[in-house]
Amino acid sequence: MKSQLYLLLSALLFLLLVAGAPPKSALPTEIGPYVLNYPTYFGDELARYPSNPMTKEGVFLGRMLFYEKRLSGNNKMSCGTCHQQARAFTDGKAVSRGIDGKEGRRSAMSLVNLLWVRNLFWDGRAATLEEQAAVPIQDSLEMHQSLEQGVAKLQRTSIYPPLFKLVFGSEQITKENLVKAIAQFERTLISSNSRYDQYLQGKYQPTGAELTGSILFMTHPTPENALRGANCGDCHAGPKTFMDYFHNNGLEANPKDVGREGVTKRYQNRGMFRIPSLRNIALTAPYMHDGRFKTLSEVLDHYNEHLQPSATLSPLLIEATNQRGGKSLLLTPEEKESVLAFLNMLTDSTFITDPRFSDPFVKATASRK
């Protein structure tokens, strides 16, 4: 059985090359279970996916589909259009534009360390990556094409039916297997080689500003005990710098975008959004769900002195101050610079250049038909 699979893979590689698919160097050379690698300090509280076991060939197919423009209504847009590797899988825009030129509703979130995320999108409306993958393809403001239409396009190619057979056992492409493959690829997008990781592993000595910033970042201020802190770690906790929760972070007293409330229909969730990971945060401007802040300095200024009170404002922010009786965080300019130094430690240059995550079609010279 194993030898038959390898023969099928060899024939498939030849077919892909003839069809103008990714160059041979980008094609899978092995098949079998895909082993995920991540630091032990990331923990094993993973979002489980027993109905979609990961394989090397499945991840490769998902990578192709992630960058496949046939999945859009005009064949000009892919998932990778709004989630660009060089920008830590964001697109540098406040809100993205879809194939019809219409602006989307929110900023494209970074796709990073998704193994630990149980609520996808800013409002958490998708419980799995399989559910998430189907949404932008079909959204009229984004790729604007039904899954059925996308499947039909792929079925007519010489490239995809054999690949789907290799991964799922049948050349008959289904929308269920389409999103399963994309989800497999997205689960491999692990960022764990920043200077912060190297520090945690004893391989990097932080500068004075970076070390001070890391302490401030993780510390909840307690002025009664003369303990100063930036309060970031209350929400962006631990080495992954995120928590799978939702908070109103004081952007507006009367939120124009109700956030999580739109999913739960509960007023107490008004203006709440998912807490994103801050991994590679220096690369993912502009910031917040609507991209309102252009720089990290603006973000710190918001938390330091511009929180807008509301009934659902996070209690973790209401009580955070570095001065007895203070009404805001009240970090000094020097402390803010130190926090910025720490945030820049979270950039993982290997993640944004890793060929395993890159567009496999970039080097293709022949027309893909």
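Predicted model: local features only at pLDDT ≥ 70, side-chain atom pairs only at ≥ 80, totals over all residues.
User: Which residues make the nonpolar surface patch of about 320 Å²?
Analyst: Let's start with the helices. Helix H8 (195–200) and helix H9 (208–218) each give at least two residues to the nonpolar patch. The patch residues are Tyr199, Leu200, Leu211 and Ile215.

User: Is Leu211 buried, partly exposed or exposed?
Analyst: Leu211 sits in helix H9. Buried means under 20% relative accessible area and exposed means over 50%. Leu211 has 31% relative accessibility, so this residue counts as partly exposed.

User: Which helix do the buried residues of H11 pack against?
Analyst: Helix H11 covers residues 296–305, and its buried residues are Leu296, Val299, Leu300, His302 and Asn304. In an α-helix there are 3.6 residues a turn, so residues three or four places apart point the same way. The buried residues of H11 pack against helix H13 (333–345).

User: What radius of gyration does the protein have, and does that agree or disagree with a compact globule?
Analyst: The C-alpha atoms fill a box of roughly 70 × 45 × 35 Å along the principal axes. For 369 residues, a compact globule would come out near 21 Å. The protein's value agrees with that, at 22 Å.

User: What percentage of the 369 residues is buried?
Analyst: The chain's secondary structure comes to 13 helices and 2 strands. To count as buried, a residue needs under 20% relative accessible area. Of the 369 residues, the buried ones make up 53%.

Terms used: Residues numbered from 1 in each chain as written. Heavy atoms only, no water. Patch = residues over 30% accessible without salt bridge, like charges linked within 9 Å, V, L, I, M, F, W, Y side chains within 5 Å. Areas by Shrake-Rupley, 256 points an atom, 1.4 Å probe, with all protein chains shown as cover. Salt bridge = Lys/Arg side-chain N within 4 Å of Asp/Glu carboxyl O. Helix = DSSP H or I, 4+ residues; strand = E, 2+ residues; numbered from the N terminus. Buried < 20%, exposed > 50% of the residue type's maximum accessible area, 1.4 Å probe, protein only. Contact = heavy atoms within 4.5 Å. Rg over C-alpha atoms; globule rule 2.2 N^0.38 Å.
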